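Subject: Handing over a structure

Hello,

I am passing a structure on to you, and I hope you enjoy looking through it. Please open it first and then read on.

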Amino acid sequence: MDYFLTEEQQMIVDLSRQIADELIIPQRAALDESEDFPTEILDAVAKADLFGIYIPEQYGGIGAGTFEIVLALEQFGRGCVGVATAFAASALGAFPIMIAGSEEMKQKYLPDIATGSKKAAFALTEANAGSDASGIQTTAVLDGDEWVLNGTKQWITNAGEARIYTVIAITDRSKGPRGASMFVVEDTDPGFSYGVKEKKLGIRASSTRELIFKDCRIPKDRLIGREGTGFITVMKTLDKSRPGIAILGVGLGQAALDEAVTYAKQRVQFGKPIISFQAVQHMLADMAIQLEAARSLVYAAAKHIDAHPRDMSKASSMCKVFATDMAMKVTVDAVQVLGGYGYMRDYPVEKMMRDAKILQIYEGTNQIQRNVVGQELNKEYTKA
Amino acid sequence: MKIIVCVKQVPDAKDVRLDPKTNTLSREGVQSIINPYDRHALEEAVRLKEKHGGTVIVLTMGPPQAAEILRESVSCGADEAVLVSDRAFAGADTLATTYTLSQAIRKIGGADLILCGKQAIDGDTAQVGPGLAVRMDIPYVTCVRRIAQVNDKSFVVERLMDDGYDEVEVGLPALFTVVKEINEPRLPSLKGKMKAKKLAITTLTAAEIDADVAQLGLKGSPTWVVRVFAPQLKGERSMIAGTVQEQVDQLAEKLLEWC
Ligand SMILES: Cc1cc2nc3c(=O)[nH]c(=O)nc-3n(C[C@H](O)[C@H](O)[C@H](O)COP(=O)(O)OP(=O)(O)OC[C@H]3O[C@@H](n4cnc5c(N)ncnc54)[C@H](O)[C@@H]3O)c2cc1C
Ligand SMILES: Cc1cc2nc3c(=O)[nH]c(=O)nc-3n(C[C@H](O)[C@H](O)[C@H](O)COP(=O)(O)OP(=O)(O)OC[C@H]3O[C@@H](n4cnc5c(N)ncnc54)[C@H](O)[C@@H]3O)c2cc1C
């Protein structure tokens, strides 16, 4: 379907598609096996200016919005969700600075993130704080001119690869939801280290590790925004970033559909290509219908978010749930269309199925997204 | 440093056909691309600029559609683009091509360094680089696989040979033709693409480069393509056996026979 992109948006699509086709797709199976971080690919992405799409021009970026980053991520997701996650996580790490950081902080960090010379990461999750962010135990205490951080963050994407970390910690437990604050931690800060790299079901090209803070001392001005605004910044960050996860589902779904249709046209059983069997055709048709519906919703949500930055939650959560549930279904069906061959590593669809699962879990599980949509509905209908 | 990169628009090797009647390349319906070697020349120029400063100008002689490859070059890091285009250039062989390119380069004020691809994948002569250098009266090195040293007034480069490489020091201004080993060309960048879209391409006609019409296009091209064919290797081979003395004697006899 034609989504009437502007010339600039089409350029972003073309360039990202070229990177996916020429650099990502030829390497994705090897990266999945070796679990190596895709440094070379991300260097090429950096040279192509794509790390700066969403960063304002005054900080060295392109100055485009959520919709444009979504267009790039769709192509990367079509190539490999692991590589795309490593790319997307840098944006997630940068958003708190963009949303709540001071002018000096933006000037200090955003230009390096825009050029891709430094990657960022976002650290919220802890062993006892997953869906329930209020369970975080990491603390930050002001000591003279420095904050002292203690605690452990878990499952942080880009840990060990990023140089800039945005981290939430409790600054005053007595204040409850107003008692947490966000900070920038740099890779070289004293008392900061990484745990072991996790072994994962999918997105194995992305790095997932612990961040360990042991009396980690950082300068006072690393506080993002005002003290006590940590959870607000986290919520705004995730509202802004979720269409990015949603569109990875769309890119992935497209890749799975492409494989399934191509295979169904070639595979002959009972003397006919299997695409001639109605059962297979209907499965492919449903995949295509769900995929296009998801794409339309994500594009619309991204444009809504760019136009209404104060009213993001519902659109953001809706598109995340729909597109990532679609990706799970479509990738499972793609394996079904390929039959036993689909189950083998010689074909890319089994990896796509493994990669799809994470999209329903990270940046807020799909159950939590439904909670958000439900709560927003409740609010809307109370107002009326 | 002012660097001019000569780029040629060529048909994509994937779908080239030869017109059996005219013996010329049939370009109809064929996708055009930047000559692959020229991508490496451009990449090297952009790297030199990034490291040592300067400007990179891409230059092509071709029909108006050749502006496409100039825009693509700008999206990959070139600063300016010059298209030399005129009906009078049609049918140019390497002699006429080098004349036209040299006049254009003079017109835009010369360069410290001119980079070409080793050869074009369609014409395949590998003559344009050296021919252009001769016309500009500057030294040239062909098949450069590495620029090893960049000095104020000279470069040290490695020239790829069949059995290794030569290290050559050459004074500026100079012309190099490059081989693919020299670098890995980058993809376009988003800022480059945006710049390329807005770019005003300088177009020069035969009159604007003060060209002598007799030396242009078909008129200025002494090359006649009589037939194009892939040569067949069908030489006879025989082994000479015996002691060294016997072998030498037999060989001498054979050589005398052939003389
Ligand atoms: C590969 C990977 C990368 C990650 N990257 C990052 C990162 O970069 N930064 C970061 O901070 N975090 C990251 N995470 C953490 C991720 O965001 C959390 O895993 C996610 O938020 C869910 O938390 P949990 O795993 O603790 O699940 P839990 O919260 O323990 O949930 C378990 C199950 O219970 C359900 N559930 C929980 N509460 C409710 C409720 N109230 N209503 C209905 N259902 C509920 C959930 O939906 C889920 O099905 C990453 C995780 C993974 C696996
Ligand atoms: C035997 C023979 C057959 C030919 N057959 C045909 C034919 O069938 N059809 C036809 O149209 N022409 C034909 N030509 C003409 C030929 O394509 C032109 O002479 C061409 O412009 C230059 O030669 P080349 O392609 O061999 O370039 P090469 O000398 O191999 O190119 C080396 C480098 O010179 C530079 N360069 C070359 N051409 C240009 C240019 N136009 N603008 C800027 N830089 C350039 C590039 O950097 C290139 O990498 C033929 C010529 C010969 C000698």
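Predicted model: local features only at pLDDT ≥ 70, side-chain atom pairs only at ≥ 80, totals over all residues.

**Chain B as a whole**

Chain B is built with 6 helices and 13 strands. Its C-alpha trace spans about 75 × 50 × 35 Å along the principal axes. Of the 259 residues in this chain, 44% are buried. If you look at contacts in chain B with a separation of 6 or more, 71% of them join residues 24 or more positions apart.

As for charge, the chain carries 32 positive and 35 negative side chains, with the centres of the two sets 8 Å apart.

**Ligand 1**

Which residues come nearest to ligand 1? There are 20 residues around it, and the nearest are T125(A), S131(A), W155(A), T365(A) and Q367(A).

The side chain of T125(A) has an N or O atom 2.6 Å from a nitrogen atom of ligand 1. The side chain of T157(A) likewise places an N or O atom 2.8 Å from a nitrogen atom of the ligand. On T365(A), a polar side-chain atom lies 2.7 Å from an oxygen atom of ligand 1. On its own, ligand 1 has 960 Å² of accessible area, and the protein covers 65% of that. In chain A, strand 1 (120–123), strand 3 (146–157) and helix 11 (366–383) are the elements that give two or more residues to the shell around ligand 1.

**Ligand 2**

Ligand 2 is surrounded by 30 residues, and C6(B), K8(B), D38(B), T125(B) and V128(B) are the closest.

Here, too, some atom pairs can be picked out. A polar backbone atom of G117(B) is 3.0 Å from an oxygen atom of ligand 2, and a polar backbone atom of V128(B) is 2.7 Å from an oxygen atom of the ligand. T125(B) takes part through its side chain, where an N or O atom is 2.6 Å from an oxygen atom of ligand 2. How much of ligand 2 does the protein bury? Taken alone the ligand exposes 940 Å², and 84% of that is buried by the protein. The elements of chain B that give two or more residues to this shell are strand 6 (55–61), helix 3 (94–107) and strand 8 (113–117).

**Two residues in one loop of chain B**

Finally, please look at the loop between strand 12 (174–178) and helix 5 (190–198) of chain B, where S189(B) lies. R186(B) is also in the loop between strand 12 and helix 5.

Is S189(B) buried or exposed? S189(B) counts as buried because its relative accessibility is 13%, under the 20% limit. Its side chain reaches the backbone nitrogen of G192(B) at 2.9 Å. Leaving out residues up to four places away in sequence, S189(B) touches L15(A), K47(A), A48(A), D49(A) and S75(B).

R186(B), at 15% relative accessibility, counts as buried too. The side chain of R186(B) makes a polar contact of 2.8 Å with the side chain of E50(B). Beyond its neighbours within four places in sequence, R186(B) is in contact with K47(A), E43(B), V46(B), R47(B), E50(B) and C76(B).

Notes
Residues numbered from 1 in each chain as written. Chains lettered and ligands numbered in written order. Heavy atoms only, no water. Helix = DSSP H or I, 4+ residues; strand = E, 2+ residues; numbered from the N terminus. Buried < 20%, exposed > 50% of the residue type's maximum accessible area, 1.4 Å probe, protein only. Contact = heavy atoms within 4.5 Å. Lys, Arg positive; Asp, Glu negative; His and termini not counted. Charge placed at Lys NZ, Arg CZ, Asp CG, Glu CD. Near = heavy atom within 4 Å. Polar contact = N/O pair within 3.5 Å; in protein donor to acceptor, adjacent residues only side chain to side chain. Areas by Shrake-Rupley, 256 points an atom, 1.4 Å probe, with all protein chains shown as cover.
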